[in-house]
Amino acid sequence: MAEFLTTRELADLLRIGERKAYDLAASGEVPHVRAMGKLLFPRAEVLAWLNASRAGPQVAEPPLPPILAGSHDPLLDWALRESGAGLATYYDGSFDGLIRLKERSAQAAALHIREADGFNTTSLRDAVGEAPVVLIEIARRQRGLLLAPGITGIRGIADLRGRKVAMRQASAASQHLFLAELEKLGLSPADLAPDPTCARTEEDLAQLLQSGKAEAGFGLGALASPHGLGFIPTHEERFDLAIWRRAVFDPPMTRLMAFLRSPAFAARAAEMGGYDLSGLGTVHHNGASG
């Protein structure tokens with residue numbers, strides 16, 4: 001499904017005339033954006049608006065805390081600060097984020113779980129079923145081997161045998177992928193010399209390498225230049241936000257999503273490198289039940 005509805009599609013969804021759809025936008029009642037003089041309606045936000053407008057008996061739900069859990073990303077972290085969204089963060093990996101999303105101890109989780117036929121969707125369904133959670137693409141990211149300054153002789157994962165490697169925690173999707181890649185090569189962590197310090201975030205991993213405590217780590221290409229590290233790309237991954245639908249249209253999330261569509265965000269992504277924003281805003285899953 002397209003991320004944005006046209007005026008005609010909105011009218012069909014609401015079973016109203018197209019003129020009434022224009023009136024709703026003009027009065028500010030329905031979420032919308034203008035692009036090149038054309039009215040467009042963000043599908044996920046329209047569904048959240050409809051859900052919030054529901055009348056009649058409803059089962060009361062506790063408020064969702066303004067917390068974004070899951071995977072750390074330096075670009076998203078910057079956007080959270082710059083947007084003034086007011087969302088707190090708890091970064092402990094994609095799989096931890098799914099648990100917190102399911103428990104409703106976070107209103108959103110950042111995910112990059114590689115699956116047989118894509119990213120994140122199956123893992124999200126396994127965690128929350130068809131609960132009203134929206135999965136929205138933020139970016140495609142480059143991942144690979146980050147190398148400490150001056151390190152030579154490493155051209156790929158197969159060259160890590162006996163090397164001091166920075167490792168992530170078990171709840172990090174990157175750690176799952178790294179162990180799977182080692183297994184494909186007939187290697188295991190026992191064949192490496194893992195650094196005893198666990199890198200809880202992407203930034204932690206880069207800092208371990210910058211300090212010389214480890215020679216290599218499986219991290220994001222965007223962190224190579226800021227930390228003076230070498231980088232060998234091995235994978236591209238999709239980085240998504242899974243958001244409870246009733247939180248999508250709340251001020252913290254609307255501020256963040258609006259900033260993600262801004263020129264400032266695009267400029268920052270280009271400056272950091274390692275990001276492709278061409279799919280930004282694509283809805284990959286929209287839970288049916290509400």
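Tutor: The questions below take up labels used for this structure and check them against their cut-offs.

Student: What kind of model is this?

Tutor: This is a predicted model.

Student: How many helices and strands are there in the protein?

Tutor: The protein has 11 helices and 15 strands.

Student: What share of the residues counts as buried?

Tutor: Of the 290 residues, 52% count as buried. The protein exposes about 13000 Å², and carbon and sulfur atoms supply 53% of that area.

Student: What makes Leu 10 a buried residue?

Tutor: Buried means under 20% relative accessible area. Leu 10 has 0%, so Leu 10 is buried. Leu 10 is in helix 1, residues 7-14.

Student: Which residues does Leu 10 touch, leaving out those up to four places away in sequence?

Tutor: Leu 10 touches Leu 5, Ala 21, Val 30, Phe 41 and Val 46. Val 30 is 20 residues from Leu 10 along the chain, and their C-alpha atoms are separated by 9.9 Å.

Student: How do you know that Trp 78 and Phe 259 form an aromatic pair, and why is the pair called tilted?

Tutor: Ring centres must lie within 6.5 Å for a pair, and these two are 5.5 Å apart, centre to centre. Planes under 30 degrees apart count as stacked and over 60 as edge-to-face, with the rest as tilted. The angle between the planes of Trp 78 and Phe 259 is 50°, so the pair is tilted. A search of the whole structure finds 2 aromatic pairs.

Student: What does the pair of Trp 78 and Phe 259 tie together?

Tutor: Trp 78 lies in helix 4 (residues 74-83) and Phe 259 in helix 10 (residues 251-260), so the pair ties together parts that are 181 residues apart in sequence. Trp 78 has a relative accessible area of 13% and is buried. Phe 259 is buried as well, at 15%.

Student: What makes Glu 237 and Arg 143 a salt bridge?

Tutor: The cut-off is 4 Å between a side-chain nitrogen of Lys or Arg and a carboxyl oxygen of Asp or Glu. The closest N and O atoms of Glu 237 and Arg 143 are 2.8 Å apart, so the pair is a salt bridge. The pair links distant parts of the chain: Glu 237 is in strand 13 (residues 230-244) and Arg 143 in strand 9 (residues 133-147), 94 residues apart. Both residues are buried.

Student: Which residues do salt bridges that share partners join into one network?

Tutor: The network consists of Asp 73, Arg 141, Arg 143, Arg 168, Glu 202 and Glu 237. The count for the structure comes to 20 salt bridges.

Student: How do you know that the charged end of Arg 143 sits over the ring of Phe 218?

Tutor: The distance limit is 6 Å from the ring centre, and a limit of 35 degrees from the ring normal also applies. The charged end of Arg 143 is 5.8 Å from the centre of the Phe 218 ring and sits over that ring. The charged end of Arg 100 sits over the ring of Tyr 90, 3.9 Å from its centre.

Student: Why is Arg 125 called partly exposed?

Tutor: Partly exposed covers what falls between under 20% for buried and over 50% for exposed. Arg 125 has a relative accessible area of 38%, so Arg 125 is partly exposed. Glu 130 is partly exposed at 37%. Arg 125 and Glu 130 form a salt bridge, their closest N and O atoms being 3.2 Å apart.

Student: Is Arg 15 buried or exposed?

Tutor: Exposed means over 50%, and Arg 15 has 75%, so Arg 15 is exposed. Arg 15 lies in the loop between helix 1 and helix 2 (18-26). Arg 15 has a positive phi of about 55° although it is not a glycine.

Technical notes. Residues are numbered from 1 along each chain as its sequence is written. This is a predicted model: local features need pLDDT of at least 70, side-chain atom pairs count only at pLDDT 80 or more; totals for chains, interfaces and linings use all residues. Side-chain values use heavy atoms; hydrogens and water are left out. Rings of Phe, Tyr and Trp (its six-membered ring) pair if their centres lie within 6.5 Å; planes under 30 degrees apart count as stacked, over 60 as edge-to-face and the rest as tilted. Helices (H or I, at least four residues) and strands (E, at least two) are DSSP runs, numbered from the N terminus. Buried means under 20% relative accessible area, exposed over 50%, partly exposed in between (1.4 Å probe, protein chains only). Accessible areas come from the Shrake-Rupley method with a 1.4 Å probe; for residues, only the protein chains shown count as cover. Contact means heavy atoms within 4.5 Å.
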